[in-house]
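User: I'd like to learn how to read charged side chains in a model. Could you walk me through an example?

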Amino acid sequence: MKAPLAGVVLSTTISSLGTGMTMLAIPWFVLESTGQGVDTGLVVAAEATGLLLGSASGGPWIDRLRPRHAALLFDFAAAAMVVLIPVLHHMDRLPLWLLSTIGLLLGLSRSPGDAARQVLLPDIAQRTGVALERVTTAYDAPSQGARTLGAPVAGVVIAAVGAPAALAINALCLILAGLILRFTVAEAATLEQRHEGYLHSLAEGFRFLRHDRLLFTILCMIAVTNGLNSGLFSVLVPTYGQEILNSSVHVGLIFAASGVGIITGSLLFAWLGVSRRRWPVVVVCYLIVLGPRSGIFLLEPGLTVLVIVSGLTMLAFGPLNPTLGAVKAERTPPAYRARVFGAIAAAAMLGMPVGVFAAGVLSDYIGLMPSIAVFTALSAVMSLCPLVFPAWKEMDRPEGTKILDQAGSRA
């Protein structure tokens, strides 16, 4: 693997590992502290809201700071927010409102760092001569996999020394990830110097998306599915772990199996599937992933079955993000990528605060299993969208057609 690609992959892997630990550590911390699903939903929703606002507003800042520098600064800011939680908890100065505020600030600082890394990918593909879908796979596989594998690490740490220690480890991961990016990846080339005001620059990304039917359809799909996924895995699955499995380690194993499935599916796609038509791959993958991976919890099977089914269904998740990422990069002018990618991420996260809060409220008022049933039914309906709506077929462009030329205009 060429040095710049190796650097961004290693940086992303370490950052995502730490982030994955917070997916279990923060909900578990709140559940241990208050025992209320509503409180858990409130804190997780605050972080999701921060991710949304950070994505929506971060694009112009990434342009001004330059992508690599922005990723470094935002990683350090996120690390500072994470480490505040165990420090204030140790001082017995962490009421719910302050924890929610820290979650909001964590999201605000974390999402622009992720977006800045994505902006670097097309430039890395061009410099290294590696196919764009293989670069997005190399980025996404460790990102998704390590984020999921962070849960079993967090489960073990929580069981041994508590949730605050897991959060401290996350902060160290963010710092290390930023330093690796700083010393291994060159700054993305700037094709055009732009001097618009902040709000005008921000609006450009949303205007571009509004006029691209395929990208707008994709972001609507991701907005809903991200909300369902966030509610399920940030609230309902940890609650399932406490009420049914009675173990944070068992919850971590389920996340670990999902992570292995994502990594394996991504690698198989990079090896066998990059040259295949995109639309059929996306249709099949969504049908396999969305309904079954949540529906299995309704059967209350043993831990072994949960682990196996989670791993197998998430094999089909592997090709999704690399494929959608390649489409996004191909259809977006290079000079606009920070703003457009940020706008896509923001729109994609619109459903996350709603999803996690709804999951918390539902689990408190109608119970855990009925809540999982509601989320499963909605996920199954969403899995049909790429099959039903014709805009998705625009993913398969005629062979040899170049979507964007070097200057970023439509070819």
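Predicted model: local features only at pLDDT ≥ 70, side-chain atom pairs only at ≥ 80, totals over all residues.

User: What does the side chain of Arg331 meet in a salt bridge?

Analyst: To call a salt bridge, look for a side-chain nitrogen of Lys or Arg within 4 Å of a carboxyl oxygen of Asp or Glu. Here Arg331 pairs with Asp212, at 3.1 Å from N to O. Asp212 sits in the loop between helix H7 and helix H8, while Arg331 belongs to helix H13, so this contact ties together parts 119 residues apart in sequence. Asp212 is buried, as is Arg331.

User: Which salt bridge does Glu394 form with Arg331, and how far apart are the closest N and O atoms?

Analyst: For that pair, the closest N and O atoms are 3.6 Å apart. Glu394 lies in the segment after H17 and Arg331 in helix H13, so the bridge joins parts separated by 63 residues in sequence.

User: Is Glu394 buried or exposed, or partly exposed?

Analyst: Glu394 counts as partly exposed, because its relative accessibility is 29%. Glu394 also meets the side chain of Arg213 in a salt bridge, at 2.3 Å from N to O. That pair links distant parts of the chain, with Arg213 in helix H8 and Glu394 in the segment after helix H17, 181 residues apart.

User: Which residues are linked in a network of salt bridges?

Analyst: The network links Asp212, Arg213, Arg331 and Glu394. For context, searching the whole structure turns up six salt bridges.

Notes: Residues numbered from 1 in each chain as written. Heavy atoms only, no water. Helix = DSSP H or I, 4+ residues; strand = E, 2+ residues; numbered from the N terminus. Buried < 20%, exposed > 50% of the residue type's maximum accessible area, 1.4 Å probe, protein only.
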